[in-house]
Amino acid sequence: MGKRISILGSTGSIGTQTLDVIRDLNRDLDNRFAVVALAAGSNVDLLASQVKEFKPHLISIKKVQELQSQPQDEHHIDLLWKKLGKPSNVEILSGEDGLREAATLPEADIVINALVGAVGLEPTLAAIKAGKDVGLANKESLVIGGHLVREELAGSSAQVIPIDSEHSAIYQLLRGTDPKGVARIILTASGGALRNRELEELDRVTPGEVLNHPNWHMGSRITVDSATLVNKGFEVIEAHWLFGMPYDKIEVLVHPQSIVHGLVEFKDGTIASSLSYPDMRLPIQYALTYPERAKSSYPKLDLRGIELLFDKVDHKRYPAFKLVVEAGKVGGTLPAAMNAADEVLVERFLTEEIPFTAIAQGLREVFNGHKLVQEPAGEEIREADRRAREYVKHFGIKNG
Ligand code: MG
């Protein structure tokens, strides 16, 4: 067992946990997991310390011109060189070129795509085209470009191994089963931080309350997306493309304990499920060691005394969920528009420009007003993304 790994998005939540898992695996397995490339955003300090520890040959950072309010294009590259003391065996690139290089590096066996946002799609496609397995944590790759990913996979020996607790669970449950025997798959949703709040109070909740997720510690957008169940809507779309499963065979149940991550129901009525404590290091480790398994030092689930509850989705509480799943069924550019709109709406909620309930209202307007393009190419996806962002930037309901 052992792999050479390229990590895109190394300074984010999944990126840093991936490096934690690699460090743990290497302690038991004689350093057989090597990091060959790291790509990150603008956290130069953290990236520099990752480079010093893991010694990749290739580093890519976000282009400064992609960041606002930075005067010089090469500023971060210079900064990084300075921090690293100009080693001779390292190449530093930036922007989309850097991501592409990191995604297709000849010596990499697997690319962990932990990028956040639509920028993650192109590197996923490039990695598959180059025959690399992809540990996929970037949701947008499948949400906005699922048809493109499927197309690329059809002509490739590469595999996409999901790094998301629900999809990793289903992926593991489906391995070695006959797809004809599967009746449906079930994804679980925690229900987020507002699961028990009175419906009338939802337009008055603060960002702080929403960000206080009971089970998972994640980035702020996905935590808000858990409270609206928008995240689960996107996960249904991801499951559709990842498992080639029709939408009417994908169900979602609210399961507040986040212990059962996914279930597969077979034709004969048998249900198989995957259980563990909520810990992203498990799906990350599975993707890294796939198809093998390695020991882990993470807390093992003790089932004694644990109560597991399941409930159907309450569409009054989570109106955005149905909208996002519908967007997936319509397909084309609509999921890209919904994803872009949600990103802006969540940001505006977090800065207290709009109330929590306006996220679903904004999404409904984008859904209703969208000019659909089916089977979109990259440029059409980017255009749908841009328009939706522009639209909800001005979508306004006064807070308070
Ligand atoms: Mg998930």
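Modeller: Keep in mind that this is a predicted model. I'll start with Phe 349, which counts as buried because its relative accessibility is 1%.

Colleague: Which helix is Phe 349 in?

Modeller: Phe 349 belongs to helix 13, residues 334-350.

Colleague: What is Phe 349 in contact with, leaving aside neighbours within four places in sequence?

Modeller: Val 205, Thr 206, Pro 207, Val 210 and Val 224 are among the contacts. Ile 354, Pro 355, Phe 356 and Ile 359 also touch Phe 349.

Colleague: How far apart are Phe 349 and Ile 359 in space?

Modeller: 7.5 Å, C-alpha to C-alpha. In sequence, 10 residues separate Phe 349 and Ile 359.

Colleague: New topic. Which residues are the protein donors of the magnesium ion?

Modeller: Asp 164 through OD, plus Glu 166 and Glu 235 through OE. They lie 2.1 Å from the ion. The spacing of these donors in sequence is D-x1-E-x68-E.

Colleague: Are Asp 164 and Glu 235 buried or exposed?

Modeller: Both Asp 164 and Glu 235 are buried.

Colleague: And the surface? Which residues form a nonpolar patch?

Modeller: Leu 275, Leu 303 and Ile 306 do, with about 230 Å² of accessible area together.

Colleague: Why does Ile 306 count as partly exposed?

Modeller: Because its relative accessibility is 30%. Ile 306 is in the loop between helix 11 (281-289) and strand 12 (311-312).

Notes:
Residues numbered from 1 in each chain as written. Predicted model: local features only at pLDDT ≥ 70, side-chain atom pairs only at ≥ 80, totals over all residues. Heavy atoms only, no water. Patch = residues over 30% accessible without salt bridge, like charges linked within 9 Å, V, L, I, M, F, W, Y side chains within 5 Å. Areas by Shrake-Rupley, 256 points an atom, 1.4 Å probe, with all protein chains shown as cover. Salt bridge = Lys/Arg side-chain N within 4 Å of Asp/Glu carboxyl O. Helix = DSSP H or I, 4+ residues; strand = E, 2+ residues; numbered from the N terminus. Buried < 20%, exposed > 50% of the residue type's maximum accessible area, 1.4 Å probe, protein only. Contact = heavy atoms within 4.5 Å. Donors = N, O, S within 2.8 Å, 3.2 Å for Na, K, Ca; no water.
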